[in-house]
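Welcome to this short tour. Please have a look at the model below, and then read on for a guided walk through some of its features.

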Amino acid sequence: MRDLFDKIKENRGPIGQHAKESHGYFTFPKLEGPIAPRMIFRGKERLNWSLNNYLGLANHPEVRAIDAKAAADYGFSSPMGARMMSGNTNHHEQLEAELSEWMGKEDTILCNFGYQAMVSAIDCLVNRHDVIVYDAESHACIIDGVRLHMGKRFVYSHNDIASLEKQLEHAARIVENTEGSILVITEGVFGMSGNQGKLKEIVALKNKFNFRLFVDDAHGAGVMGKTGAGTGEEQGVQDGIDIYFGTFAKSFALIGGYISSDEQIVEYLRYNMRSQIFAKSLPLPLVIGAIKRLELMRTEPKFREDLWKITNALQSGLKAAGFNIGKTNSPVTPVYLNGSIPEATNLILDLRENFNIFCSMVVYPVVPKGVIILRLIPTAVHTLEDVNYTIDAFSKIYGKLASGKYQADKIAAI
Ligand SMILES: Cc1ncc(COP(=O)(O)O)c(C=O)c1O
């Protein structure tokens with residue numbers, strides 16, 4: 001038998017093992033000042049491409065004003081308790097009604113955290129007789145929800161409809177015996193690669209298989225589709241999404257999430273979803289802040305137009321400069337490079353210290369060994385000058401990476 005703490009001290013996890021050398025720089029960096037394309041990192045202004053503030057709402061004057069007023073009017077304590085017991089308000093219900101209208105769904109349940117909402121909704125929707133079929137590149141919150149599932153689950157290759165069909169055949173055979181149901185789960189926009197889930201093709205499979213579709217559209221809500229209603233709207237299949245999840249943590253630049261669906265399904269979630277029944281409801285300033293943000297998103301298409309102007313310039317410029325940005329068809333912009341983890345850290349150090357560009361890096365174990373992703377998130381408040389400067393800087397660091405200038409045995413000293 002071993003002491004639990006001894007075991008943990010010996011194996012601190014794939015990223016945690018580098019905590020001592022990387023903390024405060026490569027991990028847990030502190031970006032200071034108002035949320036904007038330019039923020040302070042370690043005392044210097046940096047051009048920042050790492051925040052999911054897609055529409056630039058975080059620091060919009062009307063948003064800041066309503067956030068401040070709601071905090072002054074209600075404080076962050078209110079309401080106290082879970083929605084079902086003592087935490088319900090007219091504002092919560094107003095936001096749910098407005099989200100339903102926007103999503104084109106009958107009803108919506110607000111959730112106190114996006115991640116928890118996904119985990120808990122999956123847990124709540126299925127029982128041991130049911131089968132879950134989900135995309136292999138699903139976000140951790142989907143994986144964790146599936147982990148709670150007591151019945152069978154099948155994973156299909158990322159965005160591979162033939163693979164999905166095969167798994168649906170397995171699932172269909174099982175539910176015939178258990179008399180259960182099938183739930184298919186995908187993301188609307190995959191947050192790492194930026195490619196959209198093939199919602200249109202998945203919905204078309206409903207002609208052949210009996211299943212319900214749950215879409216995590218964390219990166220699509222507010223961003224995709226003519227009215228910003230998300231990836232279902234973008235692909236013309238919003239009605240084919242049976243359960244829609246959106247978060248407030250990205251285009252809304254807030255915190256919390258929501259699930260929209262048929263009235264009776266949402267009512268079922270309201271009365272059965274453990275993460276909401278047994279946890280405090282969203283504080284009023286967040287709810288009132290979300291109502292304002294939603295109003296801006298729905299009435300001012302300019303935010304999305306500006307976001308797409310920057311997105312298109314960034315992605316076409318990177319491609320023209322010879323970069324591999326994969327198959328993204330959303331604002332999420334991954335730049336795929338090859339190199340070791342020490343090389344990646346030297347490259348990031350150069351980018352931050354000599355070019356004053358701050359972006360996220362993704363390395364093993366999130367991606368295969370030897371792959372480095374620099375992940376850029378364009379927003380409506382970036383400029384075309386920001387785009388050009390960044391592409392130029394990327395070309396320079398790419399030259400250094402290719403000529404071995406960043407090679408090292410250990411991660412960069414900071
Ligand atoms: C696809 C996806 N789903 C869910 C979440 C969790 O959302 P939240 O930050 O609101 O908990 C995220 C956030 O990273 C995400 O990218």
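## How two helices pack

Angles between axes under 35 degrees count as roughly parallel, over 145 as roughly antiparallel, 65 to 115 as roughly perpendicular, and the rest as oblique. Such axes are lines fitted to C-alpha atoms, for helices over the stretch in contact, and the angles run from 0 to 180 degrees between N-to-C directions. Helices (H or I, at least four residues) and strands (E, at least two) are DSSP runs, numbered from the N terminus.

With that in hand, turn to helix 14 (residues 341-355) and helix 15 (residues 384-402), which pack at an angle of about 140° with their axes 11 Å apart. Helix 14 and helix 15 are therefore oblique to each other. Their crossing is right-handed; a crossing gets that name if the near helix is turned clockwise from the far one by less than a right angle, and is left-handed if the turn is anticlockwise.

The axes of helix 4 (residues 90-103) and helix 12 (residues 284-299) come within 9 Å and cross at roughly 30°. That makes helix 4 roughly parallel to helix 12. The crossing of helix 4 and helix 12 is left-handed.

## About the model

This is a predicted model, in which local features need pLDDT of at least 70 and side-chain atom pairs count only at pLDDT 80 or more, while totals for chains, interfaces and linings use all residues. Residues are numbered from 1 along each chain as its sequence is written, and side-chain values use heavy atoms, with hydrogens and water left out.

## Around the ligand

How many residues surround the ligand? There are 13, and the closest are Tyr115, Asp216, His219, Thr247 and Lys250; a residue counts as near if one of its heavy atoms lies within 4 Å. By class, this shell has five nonpolar, five polar and three charged residues. Here Ala, Val, Leu, Ile, Met, Phe, Trp, Tyr, Cys and Pro count as nonpolar, Asp, Glu, Lys and Arg as charged, and the others, Gly among them, as polar.

A polar side-chain atom of Thr247 lies 2.5 Å from a ligand oxygen, and one of Lys250 lies 2.9 Å from a ligand oxygen. Helix 5 (114-125) and strand 9 (243-247) are the elements that give two or more residues to the shell.

Most residues other than glycine have a negative phi, and most peptide bonds are trans. Ser78 and Pro79 are joined by a cis peptide bond, with omega about -5°. Pro79 sits in the loop between helix 3 (61-74) and helix 4.

The bond from Tyr364 to Pro365 is also cis, with omega near 10°, and Pro365 lies in the loop between strand 13 (360-362) and strand 14 (371-376).

Technical notes:
A polar contact is a pair of N or O atoms within 3.5 Å; within protein, one must be able to donate a hydrogen and the other to accept it, and residues adjacent in sequence count only if both atoms are side-chain atoms.
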